[in-house]
Amino acid sequence: MTERKAPKRIAAAVINSLKGGVVPRIGLPYITVGRKNEIAALLNDVEIISEGGASCRFIVGKYGSGKSFMLQTIRTYVMDRNFVVADADLSPERRLQGSHGQGLATYRELIRNLSTRTRPEGGALMLVMDRWVQALNQEIRNETGLQENDPAFAEAAYQKLNQMTHAMNELVHGYDFASVLKIYYSAVMEEDEEKKALAVKWLRGEYNTRTEAKNELNVRSIISDDDWYDYLKLFAAFLKHAGYSGMMILIDELVNIYKIPNSITRQYNYEKILTMYNDTMQGKAQYLGILMSGTPQAVEDRRRGIYSYEALRSRLAEGRFARQGTRDMLAPVIHLEPLSAEEMLVLVGKLAELHERLYDYECRLTDEDYAAFIRIEYGRIGADSAITPREVIRDFIELLDILYQHPETDLEALLQSDEFTYAKSLLEAQDEPDAQFAEFRL
């Protein structure tokens, strides 16, 4: 059971998110159970990243199995370790590569969702930039004894900026990225809010033409559909200078690449994944972690999935010895094992505590009641292979809601009733690739 009580706003965020079938962005430590091996493997990567390495991993699981939950759990862990996290869900409008701005849309979403330990809800770009300025000024004060109002401070800052950006100049687009950092720093020191806003506009990828960027910032390039990933590598290197441990990129819903009807467009997106994977494995990226998630079909389908791109399949496919129960957690692809009934029993207990906290009442369910609920859920035909945490969680929150609103309800009768069953929503039915995209099959 949870040892410390969650604040009511956290309880509300968790219960309402889970009731709606989505993963809460806050409060995950209050409901995390299982996944010990998966989390340990990914946190090992985090240690490597913080020392200047890089990592690219894939989390695979069926709908409702906990892929998004795993991403958000890692998000919480790494923010506590002083990482900056950028996350985005792919969609028809957001891809890794596209001819109509879909790749750039993904970059913009990642930057919009930039999060830190002190700004976990996203929108942390300005906070990160200002922390960098403060850290740089503090370093200059410590080394020279100068203060900001000293005329020699500006010269010392100029030299320090040149030292910091020299390494970036060796990376693709590093010169222009470094130039924008210098513009931002000067704007802060001169209290030029307009110039500061223009620098942030560039970093967010909001310039549409090079001419516009040239006229407003005297910068030759802009972040575009083709090269947005190069700028994320630059961001990761910059964040280390800003005092952070590194950058973690979380990309969910790879199934939206699988759903692309045009095979050439799909291949371009898989080529971008290959570039990311190769960069992290070959040392072409530093202080950067990439974690993507998708369904087994989106990854392993040889006709439409990631494995349809042979260069990726040969790198990511499991070896001969891996199977359920003995998965290799150090492999590039982590297959989520189903949560056990015992783990689900612990989870429903945690949910009951949060529900009780949210609505200020005393829950009358006992450990025996939790066990009876789990037995019913796992006793359904096909539950051993088909049931997912999302289904169990929704059923249990529905049960809690009913008992809270109708305290006269007989619990045993409710649990045994035919009506108390989980029915897939129309939305989830549409999410199944086979049903929705059958017309695109060859």
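Buried means under 20% relative accessible area, exposed means over 50%, and partly exposed lies in between (1.4 Å probe, protein chains only). By that scale E121, at 53% relative accessibility, counts as exposed. This is a predicted model, where local features need pLDDT of at least 70, side-chain atom pairs count only at pLDDT 80 or more, and totals for chains, interfaces and linings use all residues. Residues are numbered from 1 along each chain as its sequence is written, and side-chain values use heavy atoms, with hydrogens and water left out.

**Helix packing**

- Two packed helices are described by the angle between their axes and the distance between the axes.
- Helix α2 (residues 36-50) packs with helix α3 (residues 67-80) at about 45°, their axes 11 Å apart. That makes α2 oblique to α3.
- Axes are lines fitted to C-alpha atoms, for helices over the stretch in contact, and angles run from 0 to 180 degrees between N-to-C directions.
- Oblique covers what is left after roughly parallel (under 35 degrees), roughly antiparallel (over 145) and roughly perpendicular (65 to 115).
- Helices are DSSP runs (H or I, at least four residues), numbered from the N terminus.
- From α2, E38, I39, L42, L43 and V46 meet M70, T73, I74, Y77 and V78 of α3. Contact means heavy atoms within 4.5 Å.

**I31, in a loop**

- I31 lies in the loop between α1 (8-19) and α2.
- I31 counts as buried because its relative accessibility is 3%.
- Beyond its neighbours within four places in sequence, I31 contacts V14, L18, P24, F69, L347, K350, L351 and L354.

**Salt bridges**

- A salt bridge is a side-chain nitrogen of Lys or Arg within 4 Å of a carboxyl oxygen of Asp or Glu. The count comes to 17.
- K8 pairs with D360, the closest N and O atoms being 2.4 Å apart. This pair links distant parts of the chain, 352 residues apart: K8 is in helix α1, D360 in the loop between α15 (341-359) and α16 (367-378).
- K8 is partly exposed at 36% relative accessibility, and D360 is exposed at 55%.
- R119 and E121 meet through their side chains (3.9 Å, N to O). R119 is partly exposed, at 28%.
- K201 bridges to E212, with the closest N and O atoms 2.9 Å apart. K201 lies in helix α8 (residues 193-203) and E212 in helix α9 (residues 210-217), so the pair ties together parts eleven residues apart in sequence.
- R25, R75 and D87 are linked in a network of salt bridges.

How values were computed: Helices (H or I, at least four residues) and strands (E, at least two) are DSSP runs, numbered from the N terminus.
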